[in-house]
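Biologist: Could you show me how to read charged side chains and a helix in a structure like this one?

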Amino acid sequence: MTGPAVTVVVAVYNVMPYLTRCLESLVAQTIGPGQLEVVAVDDGSTDGSGAELDRFARLHPAIFTVLHQANSGGPAVPSNRALDAANGRYVFFLGADDYLGPEALERLVTTADRLGSDVVLGRVVGVNSRHVDQSVFAADADDVDLFDSALPYAMANTKLFRRALIEKHGLRFPEDMRVLSDQPFTLEALFHAERISVRADYDYYYAVRRLDSSNVSYGSRQHVRVEALTQLMAFIAALVPAGERRDAILTRHFRWELTALVGDQLRTADHDSLDGLVAGIGALVREYLTDRIRARLGAETRVRLALAAHGDAAALVAVIRQDAEVGVPPTVVDGGRSYAAYPGFRAAGGPPDACFDVTDAPDWPAKLDVTGVTWAGGPRRRVLEIRGRSPRPDLADPVVLGAGDLTGPADVTHDGDGTRVLATLSAAELLATSSVRGERRALKATVGAGTAPLRAPGFRAPRPMVRRKGARVYVLAVTLDHIGQVMIGVTPVSPRRVVAHLKRVKLRLGK
C-alpha cells in the first residue's frame, strides 16, 4: 500500500480561535482521498487548542494524527516530532493560525511531480493587513536560483519539500533556537535542492496577522532575537563560503532582522539590556557586514549599524531619538564626502566620521519628515493629504510620495529652513489597489534615484476612515510600524476584529 502524497505538519500552541479555520482548510483540500495526512503536535496548549485538534481527529481519523506534549518553548521541537512521524512523499509546513486555499496541496504536488522539484513555493498572501513580501511571487518559475533571485526574502518554511531531500540531508529544526528556527531548515533545503519552483498563479497560503498581534514574530524579545540571529548567521557562514553567494543571503538579514533590532524600540531598553543588545548587534556587524551588503542598505540602517559596530550605545540611542522625535538632521559636506549630522557627529571623543558617512547612499536625499497627515476633500473625493519637510534647502524637484504602486507628485516649496512638500493620495485609489484581505503599505518618498520610507516625529494619527468596497467595509488608517515608518493600512471590518479591538481598549483602560 502506497503512502500519502503529502504530510502537512502543524505545530500548535495557544492559537484559538484561528486554529479552527486552519484545520477546516485542510479538510477542504481537493488533493483527493488517501493523498493527505496531517500530523499536528500540541505543544502544551492551555487555551483549548489541544481539544480542538482532538475534535478534528475524531471527525476525520483518516486525515489527522494528533500528538500531545509538554510545552517546549518554541516551534522547533513539535515540528521535528511531526517530521519523525511523516509518511508523505512531500512535507508541507502550515502555521496553526494560517490557512490554505482549497486547491493548494493538489496544485503544489502536481507541480513537484511534473517538474521533479525538490521545493515548491506557492504564493503567500497576507490576511488582516499582514505584510508578505511578494518579490519571489512576481511570476511562475520552474527553476529558481537561490543566490540570484528573491528567494532569500522567503525563508519561512511554508513550502512543499520533497521528504527524500529532508531525510537524505538529515534536515531538522535547531531546538536551541526559540525564534527563527525554521530558517536554517529552509535554507539548507534550498541549498541542497536540485530544483526549486515557484507558483504565483493561485492564492496558496494565507498568512494571518492575529488581531492582537501575538504571533511569535511580533512578541519576541530583542535579546532572544539577537541570540537567534547570532546562531543563524553562524549557520549560514558554515554552509555558504564567503563571497557573493553568502552576501546574497545575508543581505536579507541586515535589511530586515538587524534593521528591526536597531529600530525605534531600542530607545526603551533599560541600561543593562541596552549594552548587551548593542554588543551583540555590533559583533554581527563586524563579523558579517561586507562592503557589498552595506551598499544595499539604506542610509539610516548604515549609520545605526556603524554605531553598533563601534560599540557606542549612547550615540546609537541619540541617533534613534533624533529620527523618532526630532527629524532628519542636516547634511555636512566636507572633502567631497557627505555626513549625516546626527547628535554625536564630530563630538569630542565621539564616534569617527565614517559612522555618519552617507555619501554613496542614494536614499539619503529622499529622507523627509512627515509633518502632517490629514483626511481632506469632500465626501465623494476624500484624499489623504501628506505634508513633509526636508532640511535641505536645495532638494531636487520632482519629489514623489507614494504607498506601494500608488504615487502622488508633490508640490515643492523651498524656504530658508529647508524644503516643504505637499502631496495627496486618493482614498478611493488606496482602497481599489488594496487586496480584499487588507494591506499595509509604507509611505515613501522618491527624490531622483533614491527612495526612502517616511518618518513622522511627534506623530499624530488622523482619525481612521471607514469606506465600503463592494459588499465589504474597510477601515483606512495611518499608523507607525515597529521601526518608526509611516504606514497606510486598509483593513476589512469583521465581527472578530471588532471584538478584538474592544478587548484591546478594555486592556488599555485597565478594565
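Modeller: Asp360 counts as partly exposed, because its relative accessibility is 44%, where buried means under 20% relative accessible area, exposed over 50% and partly exposed in between (1.4 Å probe, protein chains only). Please keep in mind that this is a predicted model, in which local features need pLDDT of at least 70 and side-chain atom pairs count only at pLDDT 80 or more, while totals for chains, interfaces and linings use all residues. Residues are numbered from 1 along each chain as its sequence is written, and side-chain values use heavy atoms, with hydrogens and water left out.

Biologist: With which residue does Asp360 form a salt bridge?

Modeller: A salt bridge is a side-chain nitrogen of Lys or Arg within 4 Å of a carboxyl oxygen of Asp or Glu. Here the partner of Asp360 is Arg294, with 3.9 Å between the closest N and O atoms. Arg294 sits in helix α11 (residues 291-294) and Asp360 in the loop between β12 (337-340) and β13, 66 residues apart; helices (H or I, at least four residues) and strands (E, at least two) are DSSP runs, numbered from the N terminus.

Biologist: Is Lys367 buried or exposed?

Modeller: Lys367 is buried, because its relative accessibility is 6%. Lys367 forms a salt bridge with Glu300, whose closest N and O atoms are 2.8 Å apart, and shared partners join Asp264, Glu300, Arg304, Asp323, Lys367 and Arg455 into one network of salt bridges.

Biologist: How many residues of helix α1 are buried?

Modeller: Seven of the 10 residues of α1 (residues 18-27) are buried, so this helix is largely enclosed by the rest of the structure; among them are Tyr18, Cys22 and Leu26.
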